[in-house]
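This briefing concerns a single protein chain. Please view the sequence together with the fold, and then read the points below, which are grouped by topic.

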Amino acid sequence: RGQTQDGAEQIVGAALAQVRIARIGRSRPAHRSHVREIEAGDPLAREFLQARFAQLPEVERRDCRIRAAQWLDEHGQSEEAARQLFEAGRVDEAYGLIERCLHGVLLKGQVSRVTDWLGRLPADEVNRRTSLKLVSGWILAQSERHAEAAELMGQIIGDPGADEGDRCEASEICGTAAFFADEIDEMDRNISLWSQSLPRFS
């Protein structure tokens, strides 16, 4: 059973293309040459292992994806880990990973990726997770949906129990939305509320 698990783990790692599972060196010798070919970008080897992975029982495929997600998260690839958790049906854990990493994706300028994720997530999940709400606010503020951004950020600004840094960022987002809407007075009002805090929290 241990050999089967190792082989399956290796197969899912190869089949998913981006997954590089640390335990690959302990996998069955029969597959090592295929893994090396996949690392070199051989499409035939990747297709071979994708087919092998598809033949595994559903429970085993799910377990492999969960292990792959754990490895990815431990190696700083939380976004890809979240994808594997979604595929494995572990949606709550996937939401948590996306909440943790999506702000960083936005800071890297990957706006289209952020927009894709926000389109995939249920609205109630975004609304109950402050970090996701802030990310959504930035996207809305720089689009044509300025009023929606202000309304969403108003929930954070008006919450006395919210983190001060989050309230400051929400005010920045409102100011940004006002700027893109050519409402300069409203922008000044939002920014002035937190003007002394901006260098500390921005």
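What percentage of the contacts in the chain with a separation of 6 or more is accounted for by residues 24 or more positions apart? The share is 48%, where a contact means heavy atoms within 4.5 Å. The model is predicted, so local features need pLDDT of at least 70, side-chain atom pairs count only at pLDDT 80 or more, and totals for chains, interfaces and linings use all residues. Residues are numbered from 1 along each chain as its sequence is written, and side-chain values use heavy atoms, with hydrogens and water left out.

**Overall architecture**

- The chain contains 13 helices and zero strands; helices (H or I, at least four residues) and strands (E, at least two) are DSSP runs numbered from the N terminus.
- Of the 202 residues in the chain, 42% are buried, a class defined by under 20% relative accessible area, with exposed meaning over 50% and partly exposed the range in between (1.4 Å probe, protein chains only).
- The chain exposes about 11,000 Å², of which carbon and sulfur atoms supply 48%; accessible areas come from the Shrake-Rupley method with a 1.4 Å probe, and for residues only the protein chains shown count as cover.

**Nonpolar core**

- In soluble globular proteins, nonpolar side chains tend to be buried together.
- A nonpolar core is a set of buried Ala, Val, Leu, Ile, Met, Phe, Trp, Tyr and Cys residues joined through side-chain atoms within 4.5 Å.
- The largest such core holds 35 residues, and those touching the most other members are Ile-98, Leu-102, Val-114, Leu-118, Leu-121 and Met-153.
- Two or more residues of this core come from each of helix 4 (58-74), helix 5 (78-87), helix 6 (91-107), helix 7 (111-120), helix 9 (130-141), helix 10 (146-157) and helix 11 (164-180).
- Helix 6 gives the largest share, eight residues.
- Leaving aside residues up to four places away in sequence, Met-153 touches Lys-133, Leu-134, Gly-137, Ala-170, Ile-173 and Cys-174.

**Largest pocket**

- A pocket is an open set of points on a 1 Å grid over the protein atoms alone, where a 1.4 Å probe fits, with protein on both sides within 12 Å along at least five of seven lines; lining residues have an atom within 4 Å of a point.
- The largest pocket has about 350 Å³ of space, the volume being that filled by probe spheres set on grid points joined across faces, edges and corners.
- Its lining comprises 15 residues, with Ser-136, Leu-140, Arg-145, Glu-148 and Leu-152 nearest the centre.
- Helix 7, helix 8 (123-127), helix 9 and helix 10 each give two or more residues to the lining, and helix 10 supplies the largest share, four residues.
- Ser-136 belongs to helix 9 and is buried at 13% relative accessible area.
- Beyond residues up to four places away in sequence, Ser-136 touches Leu-118, Val-126 and Leu-152.

**Individual residues**

- Asn-127 lies in helix 8 and is partly exposed at 37% relative accessibility.
- Residues up to four places away in sequence aside, Asn-127 touches Lys-133 and Leu-152.
- Gln-84, in helix 5, is buried at 4% relative accessibility.
- Asp-182 has a phi near 60 degrees, a positive value in a residue other than glycine.
- Asp-182 sits in the loop between helix 11 and helix 12 (184-193) and is exposed at 66% relative accessibility.
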